[in-house]
Amino acid sequence: MIKFFRNIRHQFMNEGKTSKYLKYAVGEIVLVVIGILIALQINNWNNARLNKIAELNFYLNFKEQMVEDIHEIEDNVEYNNNYINQFKQAVQIIEKNDRSKLDSLTQISMNLIKYSDVSRQVNIYESLVNGGEIKLLKNTFIKEEIRKLEELYIYVSKMEEIHKDVILNEVAIAISDNFKLLTKEVLNADNLYTVKYQNLLIIIIGIMSEKDEVYHKSLAEIKTIIKYIDEEID
C-alpha cells in the first residue's frame, strides 16, 4: 500500500502537477493520522476492556475474602460474648460474696486466659496501593470503605493485643497465686472474693466489650462493601 502511494506521488511530480501532489500529500497525511487515531482508539478500548475484567475479578476475589471474614468475625463475636457473660456472672458472685458458688467462680477463673483473636495478617488497603490494584477500582466510594475497614481491622488487632497483654501480665499472675493448675484446687478462696480480683474481671469485661463493639462495626462495614461490590458486578 505504501509503495502504491509512493508511485502516485512520483507520477504527480514527474508530470509537474504540484498542486495535485500537495493535495494528495495532505490527503495521505490525513489518512495516516486517521489510521493512527483509530489504532489508538482500538488500543484504548482493549485496555479499558482488560481493566474492567481485572476490576471485576478483583471484586469477585475480594468479596470471597470478605465473606470468609464475616464468618470468622461472627465466630469470634460468639466466642467473645460467651466469656463476657461468664465473667459478668463471676463479678456478681464476688459482689454477693456467695461462697456456695466457689466452684463456679473457680471454673470461670480458669477461662480468664481465653480470648478471641481475628486473624488478619495483611494490610488490605496498603496491599492494594502497593500492588497497583487500587488504580483498577473506579468506584471511589468502595475504595474509601475499604480504607475504613482497614482502620477497623487495625483497631481490632490493637484491642486483641491489649487483651493478650492483660492476660499475660495480670491474669496469669492472679491465677498462679490463687490456683493449683494441675488440679484446679483453690489455694486461698478469700483472695477470689476481693475487690482487687473483681476489678480484674471488670477490666477484662471492658476490654472484651470494646472488642465486641469493633467486631460489629467491622461486620457492618464489610456488609456495606459487599453491597456496593454486588452493584458493580451486576
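## Exercises on a predicted helical model

The axes of helix α5 (residues 140–178) and helix α7 (residues 195–233) come within 9 Å and cross at roughly 160 degrees. This is a predicted model, in which local features need pLDDT of at least 70 and side-chain atom pairs count only at pLDDT 80 or more, while totals for chains, interfaces and linings use all residues. Residues are numbered from 1 along each chain as its sequence is written, and side-chain values use heavy atoms, with hydrogens and water left out.

**Exercise 1.** Work out how α5 and α7 are oriented relative to each other.

Step three turns to composition, where the residues of the contact of α5 with α7 divide into 24 nonpolar, 3 polar and 9 charged; here Ala, Val, Leu, Ile, Met, Phe, Trp, Tyr, Cys and Pro count as nonpolar, Asp, Glu, Lys and Arg as charged, and the others, Gly among them, as polar.

**Exercise 2.** Decide whether K52 and E55, which form a salt bridge, are buried or exposed.

A salt bridge is a side-chain nitrogen of Lys or Arg within 4 Å of a carboxyl oxygen of Asp or Glu, and the closest N and O atoms of K52 and E55 are 3.6 Å apart. Both residues lie in helix α2, 3 residues apart, about one turn of the helix. For accessibility, buried means under 20% relative accessible area, exposed over 50%, and partly exposed in between (1.4 Å probe, protein chains only). At 36%, K52 counts as partly exposed, whereas E55, at 1%, is buried.

**Exercise 3.** Locate N97 and K184, and describe the phi of each residue.

As background, most residues other than glycine have a negative phi. N97 lies in the loop between α2 (18–95) and α3 (102–110), and its phi is near 55 degrees, a positive value. K184 is placed in the loop between β1 and β2 (185–186), strands being DSSP runs (E) of at least two residues, and the phi of K184 is near 60 degrees, likewise positive.

Methods. Helix = DSSP H or I, 4+ residues; strand = E, 2+ residues; numbered from the N terminus. Axes fitted to C-alpha atoms, helices over the stretch in contact; angles between N-to-C directions. Parallel < 35°, antiparallel > 145°, perpendicular 65-115°, else oblique.
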